[in-house]
Amino acid sequence: MGSISRERAREVAQTLPSTARANLEAEYPALLAQVDALTPEQWGAPTDCVGWTVRDLLAHLAGAAHCGASRLAMLRHFSYAGRKSAKAPETFIDHLCAHQIRSRERLSDGD
């Protein structure tokens, strides 16, 4: 992260954990309703995230939620990304997201 990014990050207001939890509890039912309504074709549709399908995006969201709920899951995902990005730290997030997606690729649409 460059110095400009660090400076900008310091300016961004931080969300309290209790506020974040309340927001997630309010939003997850709406997200699940949208996911439950997806057709088989929609699962494979592209998203605004270049190279990602709807399935990939939802696997990433599930991975992020799992990391937030389980320190062990967070440790596994972050350790993997850390090893993969050791020579190029700027790729950490790419490896983290890829691992979240890959670890869920065998799940069915209903899972």
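The following legends describe an overview and several close-up views of a predicted model. Residues are numbered from 1 along each chain as its sequence is written, and side-chain values use heavy atoms, with hydrogens and water left out. Local features need pLDDT of at least 70 and side-chain atom pairs count only at pLDDT 80 or more, whereas totals for chains, interfaces and linings use all residues.

**Figure 1. Overview of the protein chain.** The chain has 6 helices and 0 strands, in the order α-α-α-α-α-α along the sequence. Helices (H or I, at least four residues) and strands (E, at least two) are DSSP runs, numbered from the N terminus. Along the principal axes, the C-alpha atoms fill a box of roughly 45 × 35 × 30 Å. Of the 111 residues, 18% are buried (under 20% relative accessible area, with exposed being over 50% and partly exposed in between; 1.4 Å probe, protein chains only). Among contacts (heavy atoms within 4.5 Å) with a separation of 6 or more, 37% join residues 24 or more positions apart.

Figure 2. Helix α4 comprises residues 54-69, 16 residues in total. From first C-alpha to last, α4 reaches 22 Å, close to the 22 Å expected at 1.5 Å a residue; the expected span is 1.5 Å times one less than the number of residues. The buried residues of α4 are V54, D56, L58, A59, H60, G63 and C67. These residues pack against α2 (17-36), α3 (40-43), α5 (71-84) and α6 (92-102).

**Figure 3. Packing of α4 against α5.** The two helices pack at an angle of about 125 degrees, with their axes 5 Å apart. Axes are lines fitted to C-alpha atoms, for helices over the stretch in contact, and angles run from 0 to 180 degrees between N-to-C directions. The angle makes α4 oblique to α5; angles under 35 degrees count as roughly parallel, over 145 as roughly antiparallel, 65 to 115 as roughly perpendicular and the rest as oblique. Helix α4 passes α5 in a left-handed crossing (the near helix is turned anticlockwise from the far one by less than a right angle; clockwise is right-handed). In this contact, H66, C67 and A69 of α4 meet R71, A73, M74, R76 and H77 of α5. The contact residues divide into 4 nonpolar, 2 polar and 2 charged, where Ala, Val, Leu, Ile, Met, Phe, Trp, Tyr, Cys and Pro count as nonpolar, Asp, Glu, Lys and Arg as charged, and the others, Gly among them, as polar.

**Figure 4. Packing of α5 against α6.** Helices α5 and α6 pack at an angle of about 130 degrees, their axes being 8 Å apart. Helix α5 is therefore oblique to α6, and α5 passes α6 in a right-handed crossing. On the α5 side, R76, H77, F78, Y80, A81, G82 and K84 meet F92, H95, L96, H99, Q100 and R102 of α6. By class, this contact has 5 nonpolar, 5 polar and 3 charged residues.

**Figure 5. Surroundings of H77.** H77 lies in helix α5 and counts as buried because its relative accessibility is 4%. Apart from residues up to four places away in sequence, H77 touches C67, L96, H99, Q100, S103 and R104.

**Figure 6. S85 in the loop between α5 and α6.** S85 is placed in this loop and, at 4% relative accessibility, counts as buried. Leaving aside neighbours within four places in sequence, S85 is in contact with T91, F92 and H95. S85 and H95 are 10 residues apart in sequence and 7.1 Å apart in space, C-alpha to C-alpha.
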